[in-house]
Amino acid sequence: MSLNFDRSLEYLKMLIIVGVLILIGQRIGYGVNVMPALPGMLIVILISFIALTIKDSFPGLKFPAFAWASLIALILSMPFMPTADFFLRYTNEVNFLGTTTPILAFAGISVGNKIEKLKKLSWKVFIVAIAVFIGTYFGSAIIAQIVLKLQGII
Amino acid sequence: MKKSSEKQEEKMGKSNFNSFIKLCLTVLFIVVITEMFGTKTFRLGPGRVVLLPMLFAVVIGMLITPDLLGSKIESLKKIISMEEVKMAGSYVMIALLPLGVKYGTLVGPNIVEVVKAGPAFLLQELGNLGTVFIALPLALFLGMEREAVGATASISREPTLGVIGEKYGISSPEGTGVLGTYLMGTVFGTIFFGLLGGYSAATGLHPLALAMASGMGSGSMMAAASGALAEAVPEMKDGILAYAATSNMLTGVTGLYSVIFLGLPLVNFLYDKLYPFFSKKNRGDK
């Protein structure tokens, strides 16, 4: 166990910043008012915080905090769970696309120290990487298509 | 002595705080203008291109960094310096968590359908090996050698980086290859999949199959691909997002083992078969 009070405080601070960014962004982009969305956002922050704490407590598991956050929310929102109604009612006020914009704004800035490294790569790497992206995506999509069809789901 | 170190610490704390404020205000600014601009979609040939606010956000974020626009505009460098760039990295991981929660809330209510599709979820993980069949021959054709093994064994997210680094060393040719694809994915992955996700609906593959494919082990790439796909096929939005999130979670579990036991052996096997053919051809060219 490696729980650390300072680090937990830092996590909370960062999560609150991100929460505020999402609330402002979704007010502008999707017309969700800040006050009704606040309880849902607090729940989202709490689950995110728990996910980080679990990840730090079990470093051997190699399961990312992102996946823990999904898993906790998944369990709480399953139809036969008593928490489902309450949980979904509030988290529905947090817009899905609204959560993505701050992530990618941070992500865009964060690659700033990789531009010089990127310039050193050969154009061949660029082409090969595109082929890797396409191969992975359509490889999975084609198998999924076949199996879903065999199962009669689509 | 003690005093000066204290002073230094105070100074460090202060510059840290300044960076924090500058970074957060910059991101707020990006969020506000991209959300005001909103989602843009347009037809292109048989498909629809979906440009979500997140796509504009990543492009703007990248452009304002010191080595791009910052190198031209001095005052921009004062706001976003390498210090803020470094800090932004740790915020990405945190900012992903609310999205993770949202994805969970999309899977939960649909859990019965998702479990029913279990076999498809498991088998499509093998589809990630598709990269080996398409990208490896191309890499060899372009004259790459052992770099090709690292570059095409998988989509080169963090687990693959670890596996190849451990097996061959990160400064080996294989290491150079995997770092190349990793870097490309980190910088251009979300942009590429943001465009491909919406457009791929035109291929005739079922949106749910495409949704499964968008879970590749990267939260932001999955968000870009499935978000755009959901905008392109809005009537299936919930199913698309639930399938994508489940597939991504599954890749988080299986990804590492799939590289060790399937991806690397396969890419090495094919390399041995194909390399003689391509090296002869490349020599012939010269």
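**Close-up views of a predicted two-chain model**

**View 1. The contact between chain B and chain A.** In this predicted model, 96 residues of chain B are in contact with 82 residues of chain A, two residues being in contact if their C-beta atoms, placed from the backbone, lie within 7 Å. Helix α5 (residues 82-107) of chain B gives the most to this side of chain B, with 21 residues; helices (H or I, at least four residues) are DSSP runs, numbered from the N terminus. The side of chain B that touches chain A divides into 65 nonpolar, 25 polar and six charged residues, where Ala, Val, Leu, Ile, Met, Phe, Trp, Tyr, Cys and Pro count as nonpolar, Asp, Glu, Lys and Arg as charged, and the others, Gly among them, as polar.

**View 2. Helices α10 and α11 of chain B.** The axes of α10(B) (residues 158-168) and α11(B) (residues 173-199) come within 9 Å and cross at roughly 170 degrees; axes are lines fitted to C-alpha atoms, for helices over the stretch in contact, and angles run from 0 to 180 degrees between N-to-C directions. The two helices are therefore roughly antiparallel (angles over 145 degrees). B:Thr160, B:Leu161, B:Ile164, B:Gly165 and B:Tyr168 of α10(B) meet B:Glu174, B:Gly175, B:Val178 and B:Tyr182 of α11(B), a contact of five nonpolar, three polar and one charged residues.

**View 3. Helices α2 and α4 of chain A.** The axes of α2(A) (residues 34-57) and α4(A) (residues 84-91) come within 7 Å and cross at roughly 110 degrees, which makes α2(A) roughly perpendicular to α4(A) (65 to 115 degrees). A:Pro39, A:Gly40, A:Ile43 and A:Val44 of α2(A) make the contact with A:Phe87, A:Tyr90 and A:Thr91 of α4(A).

**Notes.** Residues are numbered from 1 along each chain as its sequence is written, and chains are lettered from A in the order in which they are written. Local features need pLDDT of at least 70 and side-chain atom pairs count only at pLDDT 80 or more, whereas totals for chains, interfaces and linings use all residues.

Technical notes:
Parallel < 35°, antiparallel > 145°, perpendicular 65-115°, else oblique.
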